Amino acid sequence: ASLTVTGSSVLSFDYGATSTIRDSEYKEVNMQIAAGEPTIEATIEWDHGALGSAFLSVLAIVAEAFPILPEVPVNETWKFKTDILTNYKGVESRLSLMQNPRLGLNFNVRVVDFAERRTLYELTSSNIKVQSVIPLFQYAAPITTTTATGGSRLYFDPAQCNARVGKTLILMNRNTQQTQLGSVTTLHSDGATINAAVGLDIEPGLWFAVPGISSFVKDDTGLDFGTQAGTFALTADAFEDWDLQRPSSGVTVPTYDSLPIIMDKFLITTPERFAYRREVIDNEIGLREIRSRDTDFVVKRSLKFSVSRSNGDFDTWREFFAEVKGAQKPFLVSTQLPDLSLRVAHADGASTLDINENYYVTKMFGLDTFKRLWIDYTDGTSTQHNVQTAVTDASSNTAITISPLLTVGKTISRISFLQKVRASDTVKIEHYNDYSYLKFGVRTTNT
């Protein structure tokens, strides 16, 4: 007899070529799973020569679910990788090196007694050495309909859960911290089907579904414990890459002037920092000279948005970063500040605006990043425009022409730059109960 395993290298058996099974005999064979593979999908073939072969499929998830729910916020990080080349004139060429970002996770667990400390101590000591399936608690979705023992069809809101076909789904009881694990085989509009039968009733009000991702626990994960209680801090990086966008989300990113545009308002305040690439040369004798071939200065900002996870807004942000891929592609964002002011009141539906800022003509109009405007009206609506011309006459009066025209019947309340920018390669997200803070840096660009 012979035994062959395909699809895994960590399975072993106390059964070999010299083992025999007689007619009508029952034989117990033990299987062991060694470390090294967080998920297993293997086929085992027993070849008994003239008697034929028998096949057994093994599906396993090597995972331990943390038995205590985390405190908020749960911190998630999207890490893109962009190769940025800047020529001698300061013009950038950007190449994305990864199709999908690397995911990072960090959260704290409140440890209330020594029994919980011992549990987490043992859990960390085993998971620090191997890949583990870490629950993405920020995407937990309540169970909506009971699944009886032995069933595999689960009911929850997939838009909230972010479950993926072929990926791990963890069922957790909020009171007892019991867990059931499986791999998603089918996504439905009201839940999912997994490849394993549940071992007990999964009931609404007690259970929730949470996706799990293969990860490795990072160094310095551990406990801060006092005399009676403490905190467990976990930091992990995903070991598998997921598409940012949730399947079947159906959202699209708005555009203006053929570029993605952020329509949401960021939280004030936001810092603005100017930068200009230059070199100071002193010729080693103290005679200093400033040299630069760059034509443009840049403005850097840090943005923070409040995003609801219950109305589809988070799906829009997923799609947005799936398109721009971190720092690779440019997009448009308003400064949300009164960058230009009117010298005289504008005509109804005007295409020309008289402004006070004479410096706009010489210092900004020549830069592509300052050639678009976000105009707010007194009724709370807004429109976007391109600046076609900018001229200062002999009397130092500056006028700009815009396209499209102002909306008829409305009065301007604020004129902001609609800046062309690129993002940083790191996006940080703080997840709370039903909303998140999304934070990233931007800098102006003309490419």
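**Reading one model, feature by feature**

Tutor: Let us begin with Ser334, which is found in strand E25 (residues 331-334); helices (H or I, at least four residues) and strands (E, at least two) are DSSP runs, numbered from the N terminus. This is a predicted model, in which local features need pLDDT of at least 70 and side-chain atom pairs count only at pLDDT 80 or more, while totals for chains, interfaces and linings use all residues. Residues are numbered from 1 along each chain as its sequence is written, and side-chain values use heavy atoms, with hydrogens and water left out.

Student: Is Ser334 buried or exposed?

Tutor: Buried means under 20% relative accessible area, exposed over 50%, and partly exposed in between (1.4 Å probe, protein chains only). Ser334 counts as buried because its relative accessibility is 5%.

Student: Which residues is Ser334 in contact with, leaving aside its neighbours within four places in sequence?

Tutor: Contact means heavy atoms within 4.5 Å, and on that basis Ser334 is in contact with Phe266, Arg301, Trp374, Ser416, Phe417 and Leu418, once neighbours within four places in sequence are left aside. A polar contact is a pair of N or O atoms within 3.5 Å; within protein, one must be able to donate a hydrogen and the other to accept it, and residues adjacent in sequence count only if both atoms are side-chain atoms. The side chain of Ser334 reaches the backbone nitrogen of Gln336 at 2.9 Å.

Student: How should I read paired strands, and how many bridges join strand E6 to strand E31?

Tutor: Two strands pair if DSSP finds at least two bridges between them. Strand E6 (residues 74-79) and strand E31 (residues 426-431) run antiparallel and are joined by six bridges, with Asn75 standing opposite Glu430 in E31. On to the next strand: E31 and strand E32 (residues 435-444) also run antiparallel, joined by four bridges, and Glu430 stands opposite Tyr437 in E32. A hairpin through three residues joins E31 to E32.

Student: What is the general idea behind looking for empty space?

Tutor: Rolling a probe the size of a water molecule over the atoms shows where empty space is left. On a 1 Å grid over the protein atoms alone, a cavity is a set of points where a 1.4 Å probe fits but cannot get out, and a pocket is an open set with protein on both sides within 12 Å along at least five of seven lines; lining residues have an atom within 4 Å of a point. Grid points are joined across faces, edges and corners, and a volume is the space filled by probe spheres set on the points. The largest pocket has a volume of about 410 Å³, and of the 18 residues that line this pocket, the closest to its centre are Phe137, Gln138, Ala140, Arg309 and Asn433.

Student: How many cavities of 30 Å³ or more are there, and where does Ser215 lie?

Tutor: The count comes to three cavities of 30 Å³ or more. The largest cavity holds about 70 Å³ of space, and its lining residues include Glu76, Leu136, Gln138 and Ser215. Ser215 lies in strand E16 and is buried, with a relative accessible area of 3%; its side chain reaches the backbone oxygen of Ile213 at 3.0 Å. The second largest cavity holds about 60 Å³ of space, and among the residues lining it are Glu76, Trp78, Leu136 and Arg318.
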